[in-house]
Structures are given as structure tokens and as C-alpha cells.
Amino acid sequence: MRVGLDYRPALQNREGIGRYARELVRGMIELGFDGDLGLFGYTLAPMRFSRAELGLEGTRAELVRLRVPSKWLPKLMAGFKRGADDLVGGADVYHHTQPNVLPVRRAAQVATIFDCIFMLRGAGYLDEAVAERMTEAAREQVKHAKRILVPSQYVGAEVVMALGAHPARVSVTELGCDHIARQLPPEGFGKAKEPYILTVARVDPRKNHLRMLEAFERLVREGFPHRWVIAGPRGYQFEVFARALEQSPAKQRVEWIVDAPEADLPRLYAQADCFVFASLNEGFGLPPLEAMACGAPVVSSCVTSLPEVCGDAAFLVEPTDSERIFEAVRRVLSEPEIALELRTRGKVQARKFTWRECAKHTLLAYRKALEPDPEPPKLRHVF
């Protein structure tokens, strides 16, 4: 079984979708699947990671680089009557890792859908034109893919209900967090010079920074000495939070690292007295697991995929209530037994999520994609 995989996010994207593509391939290489792997890396921009950083050095995985703008690619492929599977030297299965539909000629198609947030019109999470394009791409993927991969059971239900995917074609392939654990030094990082709480997330309305700011302002009023460190780039409508922060009485205690180096994240997680992630909607939620792997006690949302991912290892709160966020963080910071319990449970929970397991379940899904379509279920009417 030869597999072609859309590897462009791995070359350019430093956030979740890029992490997924890079670490999924690492997991496949670890399982000895590199000899049957064709990675399609189409981008005009130079690679942001070297082959060594990508884990490809010394492997048999083939990286096919096509230096053209991504928007030109479908027309070029149509003109030359080629599919993405042809460009990786032929493939039995082609894996779309992002909401960008490329033509495929012969291979069985597999697509990863990370969430259905783009279908929540009116929520203010995405630009409407972007949401429309993503919805159209997701519908195309569901229409043509023999297998839909989702990171959580929550997203699996959404894909079935909102996009009409047949449940028998949906596979849950949970993400891993062991990439962050590999970067932890055996001797640890020691204690931070100043105490802080941490949030790692792109700044946009969905991530709920405004309510987390309200909770932090209350912590400052209550006399806690902590800073709030935010590590995350500017996202859609970030200006709303930027204005609120500029007017906040606690602004001198907030450090926003817009472009946090990936190598700094393990230390930031490990030295935080509390990791706060009060997101309003997630398809998986990798940062809380990364924080757990590094030993930080986690306060997270009680909605969407986060209870499924965090289990009993996080202090779960209602994200629309800043008072509840404040109270949870206050208890973690002021009650050492709660913090210790969360740290202990968090490390156990994080060890359940590895990229090797993600790769193993993904390879199983590829094989299922090559099987003949099952007979569609017959509906019975009960009167």
C-alpha cells in the first residue's frame, strides 16, 4: 500500500495543523512505513523546517516539492490531466490533511477534518468568506473520501450530523502530545523567577481571551503576584482583545508573546503555576495535553471536545462565566493539594496520547479505505 499525503502544512504551519502533519509522518516512520510514503509539499515559499527538523533525514520517505502558488495548482493539474496521487509517483491512498481539495485521479481518498467550527455562522469565530470556503471544501471531502479522520468523538458526531458523513466511514484518530515530552530535560527547568499563569492559543474570539482577562484582573485585585503569559499569534479579530488589554488595569502584568519559538514552549509550560485554556469551541485541544505532559496543572473548558480529551485531569469550568474561570485558577494557585493532584493526573492523562498510536490508527483507516464499500444500511419503518 503506497500512500500520498498533503504535507504542505508541515512545511509552513507552526500551529496545530502543521504539528499534525509533521508528527503523523514521524509516527509512520517510527512504525517502519516510510518506504511507502510520498509527501506532497507544494508551496512557493521556502520551507520553515529542515529535513532534519522534520524527521525525514535518513528515511525512505519521499518529499516531492512543487514550487508554485497553491492557488495555481488545481488549474495546472487539470491542464496536464494529473492528480495529486500522480505527482507523488502514484498512490493507492491519498490523504488530504487540510481543508484544501486537490484533484485525485485513481487513489482512494482519505481526509482529516479537525472540527466543524466553520459551520457556526454568526458565532464570530471566522471571516464569513473563509468559513464559506472551508464549508465547501469539507463537503467536497466528505463527498469523495472513502474515509474521514477526526481527532475526537465529538468531531465525529459533528461530521455526521452537520456534513452528512456516513458513520461507517468515520475513524477517530486522536492526536499525540509526546512531541513536547521529548523536549523536556531530565533535570527539569527549575522554578521561574516570577510566578505566572500561562495560555497557549491563537488570539481570536473563539479562544475566549477576553473572559480570561477578566478573571486575571480579579486575581490581581485579590493580591496574587502572578503575571499572565499569553503565547499565541494574532488571529481573526485579535484587535478586540488588544484594545481590551490596552485599557486593562492589569496590562503591565500581561506578557503577550506573539511569535513564541517552539523550543521555548516546554519551559513555559513546565514553569507555569497554572495553565488556563477557557476556549469556547475545540475539535481536540492539544495545548492542555501539552501542558499536562510538562507537569502544569490545567484549568480548561467543560464544553465541546475538551472534557473528552482532558478527562478527570483538568479543572473544567464553564467558559462563558469569567467568575468561574477566576475561581478555578484561584483554587489551583492557593490550594497546593489541588495543584498537585492535577499535576499527577495530568501526566497520566498525557501519556495516553502518542503520535505512534495516531499513526497506527491512521494506517488502519487507510486499509479500510481500500476495502470495497459496504452495502448501505437499510432503514426500517416501525409503526
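Biologist: Two strands pair if DSSP finds at least two bridges between them; which residue in E13 is the bridge partner of serine 300?

Modeller: The partner of serine 300 in E13 is leucine 316. This is a predicted model, in which local features need pLDDT of at least 70 and side-chain atom pairs count only at pLDDT 80 or more, while totals for chains, interfaces and linings use all residues. Residues are numbered from 1 along each chain as its sequence is written, and side-chain values use heavy atoms, with hydrogens and water left out.

Biologist: In which sense do E12 and E13 pair?

Modeller: Strand E12 (residues 298–301) pairs with E13 in the parallel sense, over three bridges. Strands (E, at least two residues) and helices (H or I, at least four) are DSSP runs, numbered from the N terminus.

Biologist: What is the order of the six strands in the open sheet?

Modeller: The order is E10-E9-E8-E11-E12-E13, with parallel pairing. At the edges are E10 (254–257) and E13 (315–317), each of which pairs on one side only. From one strand to the next, the twist averages 20 degrees. Angles run from 0 to 180 degrees between N-to-C directions, and axes are lines fitted to C-alpha atoms, for helices over the stretch in contact.

Biologist: Which strands does helix H14 touch?

Modeller: Helix H14 (residues 322–334) packs on the sheet and touches E8 (196–200), E11 (274–277), E12 and E13. The direction of H14 makes about 165 degrees with that of E13. Contact here means heavy atoms within 4.5 Å.

Biologist: Changing topic, where does arginine 211 lie?

Modeller: Arginine 211 belongs to helix H9 (residues 209–221). Beyond its neighbours within four places in sequence, its contacts include Pro319, Asp321, Ser322 and Ile325.

Biologist: Which backbone oxygen does its side chain reach?

Modeller: The side chain of arginine 211 reaches that of threonine 320, at 3.1 Å. Glutamate 323 is 112 residues from arginine 211 in sequence, yet their C-alpha atoms are 8.8 Å apart.

Biologist: How many disulfides does a search of the whole structure find?

Modeller: The search finds zero disulfides, a disulfide being a pair of cysteine sulfur atoms within 2.5 Å. For cysteine 302, the nearest cysteine sulfur belongs to cysteine 310, 11 Å away.

Biologist: What about the sulfur of cysteine 310: which cysteine sulfur is closest?

Modeller: That of cysteine 177 is closest, but at 11 Å it is too far for a bond. Cysteine 310 is buried, with a relative accessible area of 0%, whereas cysteine 302 is partly exposed at 35%.

How values were computed
Buried means under 20% relative accessible area, exposed over 50%, partly exposed in between (1.4 Å probe, protein chains only). Two strands pair if DSSP finds at least two bridges between them. A polar contact is a pair of N or O atoms within 3.5 Å; within protein, one must be able to donate a hydrogen and the other to accept it, and residues adjacent in sequence count only if both atoms are side-chain atoms.
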